[in-house]
Amino acid sequence: MNVAQAILDYNSGRDPEMLRRKFAILRADPYAFYRGTCHLFYDTLPRHAVLADAPALLVCGDLHLENFGVYKGDNRLAYFDLSDFDEATLAPFTFDVLRFMGSIHVAAHLRLSPRQAETLGELFVDRYRAWILDGKARWLERQTADGMVRDLLGSVIERTRAQLLKARTVRTARGRRLRMTDRALPIAEARRARLKAAIERFGAEQGDRRFYRVLDAAWRVAGKGSLGLERYVVLVEGKGSPRGNYLLDVKQAVPSTLPVSGGHTRWASQAERVVTLQRVAQAISPALLHTLTIGGRSFVLKELQPMTDRLDLERWDGRLARLESAVASMAAVTAWAHLRGCYRHGASRIEDLQRYVARPAWQRAMPGLAARCSALALGQWAAYSEAYDRGEVLVP
């Protein structure tokens, strides 16, 4: 496989400036590459029974160490849960487990030894299995969390919308406006007009014209795999200017890169797939989570969740117990998300999932498969890096 060409082909048609940023990020380190090339992971997935015969569930699809975070739900309480469902679909549950285990091995920034990475992967599988066999979908709150997850939950509970507005906006004579940074870039007036019309039309359909009145909008630069797709940060009137304004995240939805399983649901749009499966999987949905159509393309709309609410795993400070606690929490919320999806949209029954998970064969197979996948990803990154350094990764 020509890795660089495969990446160029997959990203064809995306915004050129954002793609230049993305391609530089992919070159920066192997974990960024792993996160930003989910399509390569599934294009080169090893053939194995546990990846073909495992019960099909509503999986996240791009499960990795940084696809977990804390957010405020539509009930305004803070939750630690899966945070990105762009790739979510019906697929064998082992896809999620393998993708997560592989991410541990390629996370060079965590400075883990091969044995430590293997131990954490085995811990994830063991805790995931235990919660599936428990059979009850729960959720993590500050009182039941520990370690880095508890600390992060505490920081989000104390954060106010006013603080977020102060960080992301400026007050002008014309009212509040977005602060332009390397994460929020100006957009052309014609694009702004289309975005404004779509959001305000959505507000009218929701019976809340005033809340969704657009005050300002900008490109939002965030993520790895989605860079180059249309994504915006939008400032709206909310509950009244200036203190009651809200920030929205509006992100284009495209087809999942996962192989399609039998019984696949036909969605009205890609955004409907993302929003529906997110609502199923999470304990409580993020505030203002909806689908939106702009110029015939589907988007996911929700209240802006700051990047600072992601778990900073580098703060493990060489104490493996801190990472083990975080991985155990991730295993728990993954299992609970899978349990919530059982029976729905073609997913397997809980009883069938439990029978499969109780068998030792799949658990024995996962570490070896994870090692193969991570070695393949590291090789792909090395090939991509050579092509990038030779100037062969050019944005059309």
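Q: How many cavities of 30 Å³ or more does a search of the whole structure find?
A: The search finds 5 of them. Keep in mind that this is a predicted model.

Q: What's the volume of the largest cavity?
A: About 650 Å³.

Q: And which residues lie nearest its centre?
A: Those are D84, D86, R231, K251 and R310, out of 45 residues that line the largest cavity.

Q: How does the lining of the largest cavity split by class?
A: There are 15 charged residues, 14 polar ones and 16 nonpolar ones.

Q: Which helices and strands each supply at least two residues of that lining?
A: On the helix side, α3 (30-36), α4 (38-43) and α10 (270-281) each do. The strands are β2 (68-72), β10 (246-252) and β12 (297-303).

Q: How do the residues of its lining divide into nonpolar, polar and charged?
A: The lining of the second largest pocket has 8 nonpolar residues, 2 polar and 1 charged.

Q: Let's switch to rings. How many aromatic pairs does the search of the whole structure find?
A: It finds 20 aromatic pairs. One of interest here is F211 with Y246.

Q: Why is the pair of F211 and Y246 described the way it is?
A: Their ring planes are at 50° and the centres lie 4.9 Å apart, so the pair is tilted.

Q: Is F211 buried or exposed?
A: F211 is buried, because its relative accessible area is 8%, and buried means under 20%. Y246 is buried as well, at 6%.

Q: What about charges over rings: where does the charged end of R99 sit?
A: The charged end of R99 sits over the ring of Y34, 4.1 Å from the ring centre. It also sits over the ring of F41, with 4.9 Å to that centre.

Q: Changing topic: how many disulfides does the count come to?
A: The count comes to 0. Take C60, which is in no disulfide: the nearest cysteine sulfur belongs to C38 and is 8.4 Å away.

Q: Now the backbone. Which peptide bond is cis?
A: The one from S241 to P242 is cis, with omega near -5°. P242 is found in the loop between β9 (231-236) and β10.

Q: What is phi of Y343 near?
A: Phi of Y343 is near 75°, which is positive in a residue other than glycine. H345 has a positive phi as well, about 55°, and is not a glycine either.

Q: Where is Y343 found?
A: Y343 is in the loop between α11 (320-341) and α12 (350-358), and H345 is in the loop between α11 and α12 too. Y343 is partly exposed, at 47% relative accessible area. H345 also counts as partly exposed, at 30%.

Q: Last one: how many residues apart in sequence are M366 and V50?
A: They are 316 residues apart in sequence, yet 8.3 Å apart in space from C-alpha to C-alpha. M366 is in helix α13 (residues 360-389) and is buried, with a relative accessible area of 0%.

Key: Residues numbered from 1 in each chain as written. Predicted model: local features only at pLDDT ≥ 70, side-chain atom pairs only at ≥ 80, totals over all residues. Heavy atoms only, no water. 1 Å grid on protein atoms, 1.4 Å probe; cavity = no way out; pocket = protein on both sides within 12 Å on 5 of 7 lines; lining within 4 Å. Points joined across faces, edges and corners; volume = space filled by probe spheres on them. Helix = DSSP H or I, 4+ residues; strand = E, 2+ residues; numbered from the N terminus. Nonpolar A, V, L, I, M, F, W, Y, C, P; charged D, E, K, R; others polar. Phe/Tyr/Trp six-rings, centres within 6.5 Å; stacked < 30°, edge-to-face > 60°. Buried < 20%, exposed > 50% of the residue type's maximum accessible area, 1.4 Å probe, protein only. Lys NZ or Arg CZ within 6 Å of the ring centre and 35° of its normal. Disulfide = S-S within 2.5 Å.
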